[in-house]
Structures are given as C-alpha cells and as structure tokens.
Amino acid sequence: MLKAVYRIAWKDVVGDLRRRATLSSMLFFSIAVLVVFQAAFEPDRQAATKLLPGLLWATVLFTSLMGLGRVFQAEEENGAFEGLMLASVPRGIIFLGKWLGNLLLTLLVQAMILPLTLILFNVDAWHLIPHIFGVLILGILGLTGLGVLLAAMTQAARSRETLLALLLLPLVAPLLIAGVQATAGVMVPDGQPGPWIRLLLIFDTVYLALAPWGFGWLVEE
Amino acid sequence: MIDYTPFVVAVYGITVVIYGLLTLKWQRSLKRAQQQLSEQENP
Amino acid sequence: MNFLARIQRPLGIITLLALGASTWMVFNAPLDFQQGNSVRILYAHVPSAKMALFCYILLTLSSIVYLWKKNETADILAEAAAPVGAAFTAVTLASGAIWGKPMWGTWWAWDARLTSMLVLLILYMGIMALRNALDEPLKAARATAVLAIIGAVDLPIIHYSVVWWRTLHQPASFGGSSGNPSITGDLLPPLLAMAISFILLGGYLVVLKAREVEAHRQLEQLDVERMEEDD
C-alpha cells in the first residue's frame, strides 16, 4: 500500500523534475509575484519586516494554485486517469500518492522562495528561517491536501484553473489567517504563535482526514 | 438623530427586488420547461 | 416531486400573506427609543442571515443523502438550495452594509460576521459554478456534493479563525455584541413574524427551484433519448 503511495508520488516528482514543467514555472511565477509586491508597496526595511508574513503567504498561495492546476494534467492529456483509477489499489491510496507528489514539489519551491523573499525584500531574518519554514510546512500540508482534492474535483470542468482558484481561496481563508499570524508570531521575540499553530494543525488534521475520503466519492464507479 | 428612513427603504427595496425577481425568473423558466415537455410528449 | 408540485401554489400564497402581514407588523411596531427607524433594517437582515445558514444546512444534508443513497431527489434539492442560499446571503450582506453606513459610518467593516458571510457567498458561488462547469450530470452531482460537505466542515473553522483574528486587531470596537442592538420586548413580535415568513419564503423558493431543475433535467433526458433513437 505504502509502496503504491510512494510510487505515484515518485512518478510525479521525477517526471516533473525531468520536464522541469511545474517546478520552474512555479518558481518564476513566484519571483514575478514578489516583484509585483515590491513595485506595488515599495516597502522600506522596517515595513518589509512587518509585511513579510503576508507577502510570503500570498506568494505561497498563488504559486501553489499554479502547481495544483497541473496535478492531474499529465493523466488528462494522455487519458491515463481512468487507467490510474483501474489500478487495484484503494482510491484513498491514489489520492495520498498524488498529494505526496504535490506536497514535495510545493515544499521544494517554497524552500527556494523563502530565502528569495528575504533577499528581495531586504529583510534580515536569516536566523529565523527554520522557524518560518516550519510554519510554512504546517500550512502547506493542509493547503495541498485540500488543493489536490479540489484539483480532482475540477479536473473535468470547463475553465478549470479559474474554478480551482474560486473554490480554493475561500476555503483556505482560515489557513491564510493562521499562517500569517503564526509567521508574524515566530518573527518577533515576544510573539505568541501558539494558538495559530494549533489552528494550522486543526486545519491539517481535518483536511488530510477528509480529503482521501472525498476523493473516493468523487471518482467512484 | 439621523433620519434612517432612506436606509430602511433601500433595504426593503433590495430585499423585494432580489427575492421577487428570483421568484419571477424561476416561475417563468419552470413554465417554459413544462410547456416544452408537454409538446415533446404529445407532438 | 409530485408532492412538491402539489404544495407549490398553496405555499406561495401562504408565503405572500405571511410576508404582507409581517411587513405590516414591522412598520406598525413601536420604534426603539434609541435606535429609531434603523431597527427596521434588522427585521429583514436577521431572518435573511438565519436563512442563509439554514439553506447551507439543507444543502449539506441533501449532499450527504445523495452520496449515501444515490437519491436523485436529494441532488435536485441540493442544486435548488444553493442559489436560494446565495440570494439570502446576498441580501444579508447588502442589508448589513446599509445598516452599517449610518451606525458605523462605513459600508463595510472587516467584522467577523460580515467576513464569514462574504466567504459563505463565495462558497455558494463556487458550488454553483462547479455544477455549471461540469458537463456530465453524474460527475457534477458528486463533485458539488463533496464540495458542499467540505464547505460545511470549513465554515465553522472560517468563522472562529476570523473571530480570533478580528478580536486580536480591534478589541471591542464594532465586532462582537457591543455594536449590535439587543432585540427585546416590543421589538420581538415583528421579528418572529418576519422569521416565520422568511422560513416560508425559503421553503417556497427551494420548492420552485427544485421543480424548475427537475423539469429541465427531464427535458435533457428526452433529448438524450431522442439522440440515441436517431443513431
């Protein structure tokens, strides 16, 4: 079972790394977003530190939307979705494989975005990178869980990428709020990220429990 | 004290317009669909 | 569905009478000493807000029944509940904004309840858009049902996260109970009358929309059958 999860995830990650499709477009898109933010707000050093959690999470959200739009694209293009569903593993396992693949790709991109944001916005928070990245991981667990489910839902829909954004953005509102507050909390010495991290954990637990089940209903024969 | 009357009128106006238009639109659509159905069943 | 056809007209007449009577009550009730006329806005706003949530409950229950029993009537009810709920949510937001202008001085405040209502409206829109964007009826029914259930789980999380977030930023301003009047005494009967009328209105709109959806599905079914005969 676990082997199947690992195989599906591995196929997606390696396939993507080989074609450099999602990874590179996510990365360059995130740089573009950061440039837009810089041009729009022109923050000085102090303002940048204050804005950083919000900027970071907005960038994370937009770039992961981009990755999510492609989760089922390969299967869609060569008609392999039905084949994948015919595989003799439970649907939940297929979902977990897809989720793990997307999670790894998204984390890889975020690991590059975080230092990039610090450099581009001139924020001196290098010693905080492990903390901030920890909060990011907590957020991305739930974000990709819900996102992959919504990607499966909109897979056959018309104008699917717009629809995915429309569905995902309201549903991840709590995640965005908690993520920004928790990041702001770990960045100041007397911050209190505790309650917000707990909220992130609740979100992750709920969605990672619910999503495989929802996926099962979606693709049921 | 502020005169709230225009605000009250606006709220009730919007309420009546939204619910009223929705009702009329769906009643019409239902009627048209039923008409088409009966035409198709006994041409 | 036959049952719905039979009750639609009487329900519509009762709804109209109830709405007329409760509007009469609203405009003849004694005014609140401090808030004057503005209380009348709440008579439309509060029942709309209750119905906006109530329609979501109906949507969730029909979605669960649909996934569980594969009952088409449940799917039709789910499809009907979404636009009705969206209409109630839109009226709630509009009347809230109009109430806020004289009371708070702004049309919009990022108050916890307003924010949750806005998210609810986007969610309703998303559910309707998803159903529209999927061509295969079976897939559309399943996807919207799963989305509705996900939304039902998310709504309380959204609400509490927004409440915590807002109380963190602006303690005791317009958020919470301080900015809202308590409705007691003489103001209660018209509110109750309005609430009952709005429940009837919601029921009527759902019945009407459900019949409309059913008729259109039958038409589509006939089209499909005819195409198969032609082949």
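Author: Helices here are DSSP runs of at least four residues, numbered from the N terminus. The model is predicted, and the answers below should be read accordingly.

Reader: In what order do the elements of chain A run from the N terminus on?

Author: The count of elements in chain A is ten helices and zero strands. Read from the N terminus on, the order is therefore α-α-α-α-α-α-α-α-α-α.

Reader: What radius of gyration does chain A have, and what would a compact globule have?

Author: The C-alpha trace of chain A spans about 55 × 35 × 30 Å along its principal axes. Of its 221 residues, 44% count as buried. For 221 residues a compact globule would have a radius of gyration near 17 Å, and chain A agrees with that, at 18 Å.

Reader: What share of the contacts in chain A with a separation of 6 or more joins residues 24 or more positions apart?

Author: Contacts here are pairs whose C-beta atoms lie within 7 Å. Among those in chain A with a separation of 6 or more, the share that joins residues 24 or more positions apart is 81%.

Reader: Are α7(A) and α9(A) roughly parallel or roughly antiparallel to each other?

Author: The axes of α7(A) and α9(A) come within 9 Å and cross at roughly 170°. Angles over 145 degrees count as roughly antiparallel. The two helices, α7(A) and α9(A), are therefore roughly antiparallel.

Reader: Which residues of α9(A) meet α7(A), and how do the residues of this contact divide by class?

Author: From α7(A), the contact takes in H131(A), I132(A), V135(A), G139(A), G142(A) and L143(A). Facing them in α9(A) are L175(A), G179(A), A182(A), T183(A) and V186(A). By class, the residues of the contact of α7(A) with α9(A) are six nonpolar, five polar and no charged.

Reader: Does G185(A) count as buried or partly exposed, and what is its C-beta neighbour count?

Author: G185(A) belongs to helix α9 of chain A, residues 173–187. Leaving aside residues up to four places away in sequence, G185(A) touches G191(A), Q192(A), P193(A) and W196(A). A residue needs 20 or more other C-beta atoms within 10 Å to be buried. G185(A) has 19 such neighbours inside 10 Å, so the residue counts as partly exposed.

Reader: How far apart in space are G185(A) and Q73(A), C-alpha to C-alpha?

Author: In sequence, G185(A) and Q73(A) are 112 residues apart. In space, C-alpha to C-alpha, the separation of G185(A) and Q73(A) is 37 Å.

Reader: What secondary structure does chain B have, and what are its spans along the principal axes?

Author: Chain B holds one helix and zero strands. Buried residues make up 19% of its 43 residues. Along the principal axes, the C-alpha trace of chain B spans about 65 × 5 × 5 Å.

Reader: Which pair of chains has the most contacts?

Author: Chain A and chain B share no contact, and their closest C-alpha atoms lie 24 Å apart. Two pairs of chains touch, and the most contacts are between chains B and C.

Reader: Which element gives the largest share of the side of chain C that touches chain B?

Author: In this interface 25 residues of chain C are in contact with 24 residues of chain B. At least two residues each come from α2 (39–69), α3 (72–104) and α6 (188–230) of chain C. By class, this side of chain C has 14 nonpolar, six polar and five charged residues. The largest share, eleven residues, comes from α6(C).

Reader: Which element gives the most to the side of chain C that touches chain A?

Author: Here 24 residues of chain C are in contact with 24 residues of chain A. The elements that give two or more residues to this side of chain C are α4 (112–133) and α5 (137–169). Its residues divide into 17 nonpolar, three polar and four charged. With 14 residues, the most is given by α5(C).

Reader: Over which residues of chain C is the pLDDT below 50?

Author: Chain C has a mean pLDDT of 84, with 88% of its residues at 70 or more. Where pLDDT is low, the predicted coordinates should not be read in detail. That caution concerns a stretch with eleven contacts in the model beyond near neighbours in sequence; its pLDDT is below 50 over residues 170–179 of chain C.

How values were computed: Residues numbered from 1 in each chain as written. Chains lettered and ligands numbered in written order. Predicted model: local features only at pLDDT ≥ 70, side-chain atom pairs only at ≥ 80, totals over all residues. Nonpolar A, V, L, I, M, F, W, Y, C, P; charged D, E, K, R; others polar. Rg over C-alpha atoms; globule rule 2.2 N^0.38 Å. Buried ≥ 20, exposed ≤ 12 C-beta atoms within 10 Å, placed from the backbone. Axes fitted to C-alpha atoms, helices over the stretch in contact; angles between N-to-C directions. Parallel < 35°, antiparallel > 145°, perpendicular 65-115°, else oblique. pLDDT = per-residue confidence, 0-100.
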